[in-house]
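Subject: Structure handover, aromatic contacts

Hello,

Here is the structure for you to open. My notes on its aromatic rings follow below.

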Amino acid sequence: MAKSKFEYVRLYELDDKLLKNVWMVVRIDGKGFHKFSEDHKFVKPNDQPALDLMTAAAKGVMSELQDIFLSYGQSDEYSFVFKRSSNLYGRRASKIISTVCSMFTSHYVFHWNAHMETELKYPPSFDGRVVLYPTERDLRNYLNWRQADCHINNLYNTCFWALVQEGDLSTTEAEKQLNGTLSSEKNELLFSKFGVNYNNLPESFRKGSTILWEETVDINKRKRKTMQVLSCDIIGDQFWDDHPHLLEL
């Protein structure tokens, strides 16, 4: 960069380098997606093509930023976990967040027509934040939190929309009926009133989507990295026992 007498203004930039040797997690969330989903006629409580679109966008981000070794998504959010050793953009928080947000949004728009039947009426947008997790327990508990949130929200929304769409209640009446109910009561309501066994609903609705890099061997015995999309329990130990290399990255 050429030097000039105006260059001093760079001194006003904040030094936002993130601590080294810890996991960086960037979470993006849809901005105003309640209205966006209504305007684009998303199916309630779960729109499979819209969820697939979110996953396609997340895979696009992971393809471009290979320091991300795992991502987890549900509803209108995705969390991206970077290797502890990552030095992307010198670990500058503002650069990392803005890049992930812009890449995700770009891929979301780019893949829209491949997944959605409705025309994209206006540009979607996503906000983001980055959080550091220093220990294995902290990182796993973060992911546990997001998957638990997926289950809680999906169970509520499944009951809510069943009451509205099949029970002929208004949204206000459905909200009032569900207020203060326990998970067991919501499960009973679904089964007794609508014949729905919550545990038989698609795992992608109940558990979200986990994307990770796996090493495979092709027919020529060459090793390749491929992305796998799983809808499975990540709160228990089994997932981590099956993929022990993840927490070594």
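Is tyrosine 108 buried or exposed? Tyrosine 108 is buried, because its relative accessible area is 1%; buried means under 20%, exposed over 50% and partly exposed in between, with a 1.4 Å probe and protein chains only.

Some ground rules. This is a predicted model, where local features need pLDDT of at least 70, side-chain atom pairs count only at pLDDT 80 or more, and totals for chains, interfaces and linings use all residues. Residues are numbered from 1 along each chain as its sequence is written, and side-chain values use heavy atoms, without hydrogens and water.

Now the pairs. The structure holds 19 aromatic pairs (Phe, Tyr and Trp rings, the six-membered one for Trp, with centres within 6.5 Å; planes under 30 degrees apart are stacked, over 60 edge-to-face, the rest tilted). One of them joins phenylalanine 33 and tyrosine 108, edge-to-face, at 6.0 Å centre to centre and 70 degrees between the planes. Phenylalanine 33 is in helix α1 (residues 33-39) and tyrosine 108 in helix α3 (residues 93-110), so the pair ties together parts 75 residues apart in sequence. Helices are DSSP runs (H or I, at least four residues), as are strands (E, at least two), numbered from the N terminus. Phenylalanine 33 is buried too, at 8% relative accessibility.

Phenylalanine 104 and phenylalanine 126 also pair edge-to-face, at 4.9 Å and 75 degrees. This pair links helix α3 to strand β4 (residues 126-133).

One aromatic cluster includes Phe33, Phe104, Tyr108 and Phe126.

Best wishes
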